[in-house]
Amino acid sequence: MIDFLGSRRPDWLRCLPPSQPLMFHRMKPFFLIAVLLALPLPAAADETVDFAREVQPILQQHCLKCHGPEEQNGGLRYDDRQGALGAGDSGRHAIVPGQPERSELLLRIASPDKEVRMPAKGAALSADEITILTQWI
Ligand code: HEC
């Protein structure tokens, strides 16, 4: 192996055997880690949902008619934060931030039972819309 620092090795390097240029082998794991860290993060950022752009239009279009300023069916309204986070007539909270599995809203929009499913009238939300609401919560 070539000692490419040759005779110009500084004093503090002389104690090392000359046949380990840059100690590359010992450093390998560190290079590997550095390369991994440098890779772009996976598309996690895509999963954050923009309330005004994605969530609000869904609620507006499908829910506010019955859960808004005029009617508060089930004791719920989705046009303000306090109303949206509160409990409905069932005593369950429609939106439990960070806990989609405990959020009545999701149970109702995803229910296969027509009697239970929201919106109470008309077509169910699309899978995409349900995904957006789930990610948002
Ligand atoms: C056509 C009117 C109508 C629309 C539109 C509608 N709802 Fe409802 N919703 C009701 C009625 C009536 C109740 C009360 C009876 C019941 O619980 O089924 C209710 C109750 C609920 C409850 C349960 C409240 C509780 O704790 O008792 C949730 C959650 C809910 N709706 C969510 C939604 C969501 C989310 C949407 C939009 C995707 C929506 N609703 C659209 C009429 C509607």
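By class, the shell around the ligand holds 10 nonpolar, seven polar and six charged residues, where Ala, Val, Leu, Ile, Met, Phe, Trp, Tyr, Cys and Pro count as nonpolar, Asp, Glu, Lys and Arg as charged, and the others, Gly among them, as polar. The model is a predicted one, in which local features need pLDDT of at least 70 and side-chain atom pairs count only at pLDDT 80 or more, while totals for chains, interfaces and linings use all residues. Residues are numbered from 1 along each chain as its sequence is written.

Of the 23 residues around the ligand, those that come nearest are Cys63, Cys66, Asn73, Gly74 and Gly88, a residue being near when its C-beta atom, placed from the backbone, lies within 6 Å. Helix H4 (residues 104-110) supplies the largest share of this shell, four residues; helices are DSSP runs of H or I, at least four residues, numbered from the N terminus.

The largest nonpolar core has 11 residues, among them Cys63, Leu105, Leu106 and Ile109, and H4 gives the most to this core, with three residues. Such a core is a set of buried Ala, Val, Leu, Ile, Met, Phe, Trp, Tyr and Cys residues joined through C-beta atoms within 7 Å, buried meaning 20 or more other C-beta atoms within 10 Å, exposed 12 or fewer, and partly exposed in between.

His93 is found in the loop between helix H3 (81-85) and H4, and is partly exposed because 18 other C-beta atoms lie within 10 Å. Although 10 residues apart in sequence, His93 and Ser103 are 6.1 Å apart in space, C-alpha to C-alpha.

Note on methods
Helices (H or I, at least four residues) and strands (E, at least two) are DSSP runs, numbered from the N terminus.
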